[in-house]
Amino acid sequence: MSARMTKLRVIKFTKDFLLASRILQVFMPINRLFGFVYHFNLLTSWVHKHKKDKMLMNDFYRPVRNYDDRYLSFKKLVDHYKLNEMPVSYLEFGVAHGHSMKWWLQHCGNPASRFYGFDTFEGLPEDWGLFSKGDMLSAIPEVNDNRAVFIKGIFQDTLNNFLEETVPSIKGTKKVIHMDADLFSATLFALSQLYPHLQKGDIVMFDEFNVYNHEFNAFRLFTECFYVKLKPVSAQNNFYHAAFEVE
Ligand SMILES: C[S@@+](CC[C@H](N)C(=O)[O-])C[C@H]1O[C@@H](n2cnc3c(N)ncnc32)[C@H](O)[C@@H]1O
């Protein structure tokens, strides 16, 4: 028997034994700790690999965060990519009261641009960290701009119909995708459905990128499983907010 076959036998025997004996379940009380260490280390490795990449802006490391600095990043992106001049398709996943949606409407003035805001408008569909299901409840925001459309419901119910109906009309325009649903499930779902429609040069932003087990985890699995290359172009608040260009 070759060395490889022997190794495979040992691996298989060990795994079957662990499965049948349930011996690793003695660690169940500290399972979350293992998960935290594993995922946080992946995030740390990613950040340190990319912290010196050439970007429009990157404030890593700063000791004190200012959430509103994400607007500095938005402005840099608008100026650099001339998003105010060209027709863009802005898709925001997680709208709530519409703070970021309104910013983008105000700063991308091309009349042919379109803005699509997806949200349950009934709050988070599941718990997220210290937030509970139903938190962030908000009414559909009033924006007074007929370029904006809001799509109410969970992405898992609404996104595919939307893409079927709308993709033909936005094909060819630069897409600016803003992932701000906070949740791993929602972020991974939306990215994976958007995958066939992504084009080189599209922008993908994450509002809570460095949350190791949610948006970062979704980003990591999406880029690894779909072989998508997203180049970091802007990072704020120690990569809490991060923007990427599709390569
Ligand atoms: C942090 S808030 C969005 C904040 C907003 N972009 C801003 O800058 O003011 C997150 C929103 O994501 C929405 N959300 C999370 N998961 C969702 C899902 N699977 N489907 C629809 N909406 C979802 C929640 O309802 C919540 O309103």
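**Close-ups of a predicted model**

**View 1. A loop with a cis peptide bond.** Tyr61 sits in the loop that links β1 (57-58) to α3 (70-81). In this predicted model, the peptide bond running from Phe60 into Tyr61 is cis, and its omega is near -5°.

**View 2. Helices α5 and α6 side by side.** Here we have α5 (residues 155-170) and α6 (residues 184-194), whose axes come within 10 Å and cross at roughly 15°. That angle makes the two helices roughly parallel, as anything under 35 degrees counts as such. The crossing of α5 past α6 is right-handed. On the α5 side, the contact involves Phe155, Gln156, Leu159, Asn160 and Leu163; α6 brings Ala186, Phe189, Ala190 and Gln193. Sorted by class, that's 6 nonpolar, 3 polar and no charged residues.

**View 3. Asn144, a positive phi in an exposed spot.** Look in the loop between β3 (114-119) and β4 (148-152) for Asn144. Its phi is positive, about 55°, although Asn144 is not a glycine. Asn144 counts as exposed because it has 8 C-beta neighbours inside 10 Å, and the cut-off for exposed is 12 or fewer.

**View 4. Asn237, a positive phi in a buried spot.** Asn237 belongs to the loop between β7 (230-236) and β8 (241-246). Not a glycine either, Asn237 has a positive phi of about 55°. With 21 other C-beta atoms within 10 Å, Asn237 is buried, as 20 or more is the cut-off.

Definitions and conventions
Residues numbered from 1 in each chain as written. Predicted model: local features only at pLDDT ≥ 70, side-chain atom pairs only at ≥ 80, totals over all residues. Axes fitted to C-alpha atoms, helices over the stretch in contact; angles between N-to-C directions. Helix = DSSP H or I, 4+ residues; strand = E, 2+ residues; numbered from the N terminus. Parallel < 35°, antiparallel > 145°, perpendicular 65-115°, else oblique. Left-handed = near helix turned anticlockwise from the far one by under 90°. Contact = placed C-beta atoms within 7 Å. Nonpolar A, V, L, I, M, F, W, Y, C, P; charged D, E, K, R; others polar.
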